[in-house]
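Here are a few friendly notes to read beside the model. Could you keep the structure open as you go through them?

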Amino acid sequence: MKKHEISTVWKGNLAFEAEANGHRFMIDGPPEAGGEDQGPRPKPLMLVSLAGCTAIDVISMLKKMRVEVEDFHVDVEGDLTEELPAHYTSMRVVYTFWGKDLPMDKLERAVEMSREKYCGVSYMYKKAGIEVSYEIKIRD
């Protein structure tokens, strides 16, 4: 079984320096809670994880399909509960592709393969009962 390890070191107040895959970044709380806004909050990083996981999958598959996009964005929005512990109940993923004459069937296939077979983050969220919906947009 593969294993991932990260390290998180307290830097004072609510700030922590995290290291993952040899890259360091800050995580911090909001000023109203005593943080200094030196980095993102932990829960939005869950949205980043989903966006990054599926984006890497989709671009990898499109390259194999010989589909050339000019630009590509993945936006994720999550609905957070009001009650504690605050958690996501649903997420919406919007894939926006830029390019000329992009084949929608191949874009849909790449997104579907990421959702159903390759993206472990999406899989974990579904197993946790988070509803994840998807939308594809094409821009010239």
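**Notes on a buried threonine, the core and a pocket**

1. Thr96 sits in strand E5 (strands, E, of at least two residues and helices, H or I, of at least four are DSSP runs numbered from the N terminus). This is a predicted model, where local features need pLDDT of at least 70, side-chain atom pairs count only at pLDDT 80 or more, and totals for chains, interfaces and linings use all residues. Residues are numbered from 1 along each chain as its sequence is written, and side-chain values use heavy atoms, without hydrogens and water.

2. Thr96 counts as buried because its relative accessibility is 6% (buried is under 20% relative accessible area, exposed over 50%, partly exposed in between, with a 1.4 Å probe and protein chains only). Leaving out residues up to four places away in sequence, Thr96 touches Asp71, Phe72, His73, Lys137 and Arg139 (contact means heavy atoms within 4.5 Å).

3. The largest nonpolar core has 27 residues, and Phe97 is among those with the most contacts inside it (such a core is a set of buried Ala, Val, Leu, Ile, Met, Phe, Trp, Tyr and Cys residues joined through side-chain atoms within 4.5 Å). Helix H1 (42-64), strand E4 (71-80), strand E5 (88-98), helix H2 (104-118) and helix H3 (120-127) each supply at least two of its residues. H1 gives the largest share, eight residues.

4. Beyond four places in sequence, the contacts of Phe97 include Val58, Leu62, Leu107 and Ile136.

5. H1 also gives the most to the lining of the largest pocket, with five residues (a pocket, on a 1 Å grid over the protein atoms alone, is an open set of points where a 1.4 Å probe fits, with protein on both sides within 12 Å along at least five of seven lines; lining residues have an atom within 4 Å of a point). Of the 14 lining residues, Ile6, Ala20, Asn21, Phe25 and Ser49 lie nearest the centre.
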